[in-house]
Every structure is written in structure tokens, then in C-alpha cells.
Amino acid sequence: MIKVIVNGSLGKMGKVLTDLIMEDKAFELVAGVSKYKNDNIDYPIYSSILDVKEKVDVIIDFSNPDSLKDLLSYSKHTKIPLVIATTGYSDEELNMIEELSKEVSIFHSSNMSVGVNLILKLVEISAKALTNFDIEIIEKHHNKKVDAPSGTALMIANEIQQVLNNEFNYGRHGKNEKRKENEIGIHAVRGGTIAGDHSVIFAGKDEILELNHIALSKEIFAQGSLKAAKFIVNKENGYYNMKDVVSI
Ligand SMILES: NC(=O)C1=CN([C@@H]2O[C@H](COP(=O)(O)OP(=O)(O)OC[C@H]3O[C@@H](n4cnc5c(N)ncnc54)[C@H](OP(=O)(O)O)[C@@H]3O)[C@@H](O)[C@H]2O)C=CC1
Ligand SMILES: O=C(O)C1=N[C@H](C(=O)O)C[C@H](O)C1
């Protein structure tokens, strides 16, 4: 049985994930971490991961970049593998995560679904094949999401940038100029309960290719994080992502 700490366990994703863990015989929920203590929870809950004393095999994080320092410090000292699903990190924070993966095994993905990770492959193929096409990314999420653009939109943009070396253009408000040839437009929409919707548009002369992934529940992300936890639990130190798990 894999013993887990969920960082951010009382958040929207944390609640979905802890429910799944409690139903799954392969996992044991040993502790949760949330900024504010809640006494109506039937597992131990802490306001900082640094206070967790229980022995565990893996940490799964769906929280906020604010908790990164404690999370990395705990993982560094205990050497416990870490699955990071949180988005909205600065470049400096992303470097801190990669740096720690020299000492601990870290699985980091801004999207734990299988489908989005197939889209990453498809955008790479499309970007190579569709020369001189304009590329725009549109992401749509629920009205409670705090970071924009989504981590997934950035992950897709970075994948394309590795092929074409484009510049990113976040929205077009206040820019009274034509679109540049070598840019990727990135646009964020927020509303209702949209679990996650990512479109990548390749617009050429008289033809358009559109790749679209729609998440219909938060559960797919939680299931993906459990798959990642199983994958990473006995791995050597290193920086892993969904490409290491999904065979494409
Ligand atoms: N990679 C993926 O596949 C997915 C990633 N995500 C990402 O996961 C993250 C969480 O999403 P969601 O659950 O919707 O967000 P919520 O805001 O609902 O939950 C965030 C949780 O993090 C906790 N938290 C905030 N600051 C700290 C801190 N300093 N220390 C410990 N816990 C803290 C909050 O605690 P409190 O409630 O006490 O404030 C809360 O429990 C987001 O970054 C989101 O983009 C979401 C879905 C899929
Ligand atoms: O906050 C969310 O909900 C989601 N966040 C991730 C992101 O920023 O890409 C993944 C998913 O789309 C849901």
C-alpha cells in the first residue's frame, strides 16, 4: 500500500483526490495539508507540510505556489518523492523544482490527463508540418481558477516553442498592431464550472487545423496524479512528467 500526503487536501482538487485515495486499496491517505485546519476531517490535517511526522511514500501536491518553499524543503530533508500538479509558478520557482530533482524523484506536470499529453505530441508534429501557419492557444476554465494563462496552455506553448522558437503574445488588449508571423497568441477564458478546455489553432491560408481537449471532470486529473504517484514511488532521483508514463 502506498502511503500518501496530499498537499492542498481541502482544496477543490484535494477533495476529489482524497476521496479517490480513500476508495483505492493501493493507497493510504496518511495526512493532508491545508492552510486552515478543519476538525471535520477523518484523517490528520496540518497547516504546513513541515509539521507532518507520519512516515509516507509519496507526496501529491494540488495547492498553490505559496506552499512551494515548504514542500521542497520537506521533500529535500525526507527524500520523499513528490508529484507536483500545482500551476502558476514563476520561472525561478520552476528552476527550484528542477534543481531539487537532482536529489529527489519529482514528477511535475501541469496536466495529469492522458489526452492533453497526446496533444503535446500532436502539436509538435503539427508545428513541424504546418509551416507559415499562425498558432493561437485558447484555454477555458472555471471561475475559481486563480492563475492565467493555465499551466497547460504554457506547457503547450513551450512544446511549440521548442520547434519554432516563437514569441508568446498574451492576449492582444492595447496592442494596436498586426499579428507577428512568429508569435503564439495565448488567451484565457474564465466561467462557470469548466473543468479544463484547451484548443490549439493552426490557421493557414484557406485552411485551419484545430486540436481541442476538453476535461469533463476534475477526477481525470486526480486519477492521473495517482498514476504518477505509482510511477514515481520507487524511481531514481530525476525530473519526470506524463511523457514518461503515457506511451505515445
Ligand atoms: N496538473 C493538473 O492536472 C491540475 C492542476 N491543477 C492545479 O492545482 C492547483 C489547485 O487547484 P484547486 O484545487 O482547484 O485550487 P483550490 O484553491 O481549490 O485549492 C488550493 C489548496 O491549496 C491550499 N493552499 C494554499 N496555500 C497553501 C499553503 N501555503 N500551504 C498549504 N496549502 C496551501 C489551499 O488551502 P486553504 O483551502 O486552506 O486555503 C487549498 O486547500 C492549482 O494550481 C491548479 O491549477 C488543477 C487541476 C488539474
Ligand atoms: O485549475 C484547474 O482547474 C486546472 N489547472 C491546470 C492548468 O492550469 O493547466 C490543469 C487543468 O486544466 C485544470
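**View 1. An open sheet of 7 strands, paired in parallel, runs in the order β3-β2-β1-β4-β5-β6-β12.** Strands (E, at least two residues) and helices (H or I, at least four) are DSSP runs numbered from the N terminus. Two strands pair if DSSP finds at least two bridges between them. β3 (45-46) and β12 (238-240) are the edge strands, each pairing on one side only. This is a predicted model: local features need pLDDT of at least 70, side-chain atom pairs count only at pLDDT 80 or more, and totals for chains, interfaces and linings use all residues. Residues are numbered from 1 along each chain as its sequence is written, and chains are lettered from A and ligands numbered from 1 in the order in which they are written.

**View 2. β12 pairs with β6 (residues 105-108) in the parallel sense.** The pairing spans 3 bridges. Ser105 stands opposite Gly238 in β12.

**View 3. Helices α2 (residues 68-78) and α3 (residues 91-100) cross at roughly 5 degrees.** Their axes, lines fitted to C-alpha atoms over the stretch in contact, come within 11 Å. Angles run from 0 to 180 degrees between N-to-C directions. α2 is therefore roughly parallel to α3 (angles under 35 degrees). Leu68, Leu72, Ser75 and Lys76 in α2 meet Glu93, Met96 and Leu100 in α3 (C-beta atoms, placed from the backbone, within 7 Å).

**View 4. Ligand 2 lies between domain 1 (2-112 + 218-244) and domain 2 (114-215), because both give residues to its shell.** Domain bounds come from an automatic or database domain assignment. Thr87, Ser110, Asn111, His141, Lys145, Ser150, Gly151, Thr152 and Gly196 surround ligand 2 (C-beta atom, placed from the backbone, within 6 Å).

Notes. Angles under 35 degrees count as roughly parallel, over 145 as roughly antiparallel, 65 to 115 as roughly perpendicular and the rest as oblique. Two residues are in contact if their C-beta atoms, placed from the backbone, lie within 7 Å.
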